[in-house]
Amino acid sequence: MAYISRWFAQCFKNTHMILITGILELSNGCIMLREIPNEAECFILCAVFLAFGGICVTLQTMSATQNLGLGLYVPGKIIQTCISLLTAVSLAYMLFPSNGISFFMFGCMILICVPIILVSKRYSEKRCGNQE
């Protein structure tokens with residue numbers, strides 16, 4: 001993480017750097033959330049980080065399940081992350097009304113997550129051989 005912070009921090013805004021860090025490694029991403037002043041954004045990003053778990057956790061899972069393979073692990077994590085994102089945005093809209101979570105942002109999240117969930121579902125059907 002220190003390497004990324006040192007060499008790439010100037011390329012990204014603070015919020016984007018926190019998002020990248022959280023996607024790469026869960027613990028550091030959650031620690032960096034304290035730098036975001038908007039509580040609703042912190043809440044949403046924390047939900048996404050916890051649902052996804054980070055690329056480091058995915059690589060650790062790959063290492064532990066070498067002989068078994070990942071199968072539906074990655075599509076499942078993507079679906080879990082999208083559902084957590086939609087739930088967190090909905091809850092943030094209710095819990096933090098003064099922080100500016102707009103209905104437009106909620107709509108954008110739906111437009112992003114629904115196709116990802118559908119593609120992941122199609123992928124998992126192909127992997128399992130349960131095509132209709």
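Visitor: What follows helix 4?
Guide: Gly53 does, and its phi is positive, near 90°. This is a predicted model, where local features need pLDDT of at least 70, side-chain atom pairs count only at pLDDT 80 or more, and totals for chains, interfaces and linings use all residues. Residues are numbered from 1 along each chain as its sequence is written, and side-chain values use heavy atoms, leaving out hydrogens and water.

Visitor: What makes a stretch a helix, and how many helices are there in the chain?
Guide: A helix is a DSSP run of H or I with at least four residues, and a strand is a run of E with at least two, numbered from the N terminus. By that rule the chain has seven helices and zero strands.

Visitor: How do you know the span expected of helix 4?
Guide: The expected span is 1.5 Å times one less than the number of residues. Helix 4 has 14 residues and reaches 20 Å from its first C-alpha to its last, close to the 20 Å expected.

Visitor: Which residues of helix 4 are called buried?
Guide: Among them are Cys42, Leu45, Phe49 and Ala51. Buried means under 20% relative accessible area, exposed over 50%, and partly exposed in between (1.4 Å probe, protein chains only).

Visitor: Why is a group of residues called a nonpolar core?
Guide: Because its members are buried Ala, Val, Leu, Ile, Met, Phe, Trp, Tyr or Cys residues joined through side-chain atoms within 4.5 Å. The largest one here has twelve residues, including Ala40, Ile44, Leu85 and Phe96. Helix 6 gives the most to this core, six residues.
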